[in-house]
Amino acid sequence: LFDMPAVLQLVKCILPFLALVFLAFSAQPSEGVEVLHNYYSMKEDTEELANQYPDIAIYSEHGISTALDLEIFSVDVALNITELSQEELEALPTMYIDGAHHGNEGMSVEATFLFLQDVLERSAANPDYLAGKRLVVTPVVNPDGYLQDCRNNWNGVDLNRNYPYMWGMYGTSDTRGSCPASGTYRGPSEGSEIETQINMELMRGMNLYVYFSAHTGSNDIVLPWKITGEFAVPIADWDLYEYFLNESTNVSGLTYRDPSGAGESIAWGYGARTGVSVIVEVDDMQWSPIELTTIRGALSNELLMYDLAWENLELFGGKLEIMAETSNSVTVKNIGWGAAYNVTTGSEVIEKIGVGETKKINKNSNTLLYNRLIQEGEEEDLTLVSVNLTSIIDTNNEATPSVDFVSITLSLVIVSALRRRK
């Protein structure tokens, strides 16, 4: 009935005009008002921003949306990124942020873009700001919904109820949603939507430490699943979560709460991929093309929370620092925000080294192994950390044996057995 490319081009032209008309009738002369991006301007600005930093940023597209064939795009950021192999890139501790699971939540997209901009600018000025870690940003998970200012995707599915982890347990609907009314339709099956599948596949290519999914509506922090009331499930790494949440409140003023529904992206992010995952409700505004203050001003406190996570990324979980080392022992201190588990250098296994705790460990190889979280995820060893130790000359002038296959294999078997027992 319609020429779809012509319709999309018309929408592209009309959206900014409608926003300006809205401004004319709603804004006071003294107010600092900004028009939010639309899909096309955000895509263009994101690609242009990445191209300004070719040594540390790569813009890429990962597939198209359900109906309108709009690209789902992201930016990958790491030091000397063009010189890294895919394996090296995927090994880096990673912070992943996305926006617009719900297409009517425009400020969620702005938050991802501004944080990306901040990290690129700071890293260009000081490469240490980026050293040893990776940032991946997907501003728009739901392009069809974002273009239409609609919560759901084209199929009427609430993408943030469509993820496989705890899918359909609570807070979802079996009735397809329609625009502009909101809905919580979970979809015909778990992970049924192409947008969901693309986002999951992206996360599977990361050593995920932290995942922030930006939303709007309540201006707070949402946990990956309920920890109180009906359907409550304990968070295995709650001590780490609680520390991080308290630090986040200190810098942003945001408090945390249980989610209103199951099958959310953050449940999958933590449950399946073991990243400390939360929704950041960056603003209470929805269904609006404008911000009545400046966009950055409205998001200033929330962006401080993003900064906190990025600047302390490697501390999310156990983080063992080498304090001293001899030919037959190594002394480590846990400087992370959480405990380290199943710590070994080849023979004995220390089940837990708590936050701030120092421990001397007998060496049976030149590799230190430990798990930085309790949560295991959908694959083995997602939280396993391996640290190469120094070869130290002992009193008989014999070097400590280098790591060998047998000792490492034994270590992994012991660690795996302990985790299954727990």
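What we have is a predicted model, in which local features need a pLDDT of at least 70 and side-chain atom pairs count only at pLDDT 80 or more, whereas totals for chains, interfaces and linings use all residues. Residues are numbered from 1 along each chain as its sequence is written, and side-chain values use heavy atoms, with hydrogens and water left out.

Let me start with pLDDT, the predictor's confidence in each residue on a scale from 0 to 100. The chain averages 89, and 85% of the residues score at least 70. Over residues 4-9 the value is below 50, and beyond near neighbours in sequence that stretch has five contacts in the model, a contact being heavy atoms within 4.5 Å. Residues 397-406 are also below 50, with 16 such contacts. Where pLDDT is low, the predicted coordinates should not be read in detail.

Turning to the build, the chain has 11 helices and 17 strands, taken as DSSP runs (H or I, at least four residues, for helices; E, at least two, for strands). Of the 422 residues, 52% are buried, meaning under 20% relative accessible area with a 1.4 Å probe, protein chains only.

Finally, the rings: there are 17 aromatic pairs, counted when ring centres of Phe, Tyr and Trp (its six-membered ring) lie within 6.5 Å. One aromatic cluster is formed by F115, F212, Y243, F244, Y306, F316 and W337.

Charges also sit over rings (NZ of Lys or CZ of Arg within 6 Å of the ring centre and within 35 degrees of the ring normal): K133 lies over the face of W310, 4.5 Å from the ring centre, and the charged end of R186 is over W167, at 5.6 Å.

Note on methods: Rings of Phe, Tyr and Trp (its six-membered ring) pair if their centres lie within 6.5 Å; planes under 30 degrees apart count as stacked, over 60 as edge-to-face and the rest as tilted. Buried means under 20% relative accessible area, exposed over 50%, partly exposed in between (1.4 Å probe, protein chains only).
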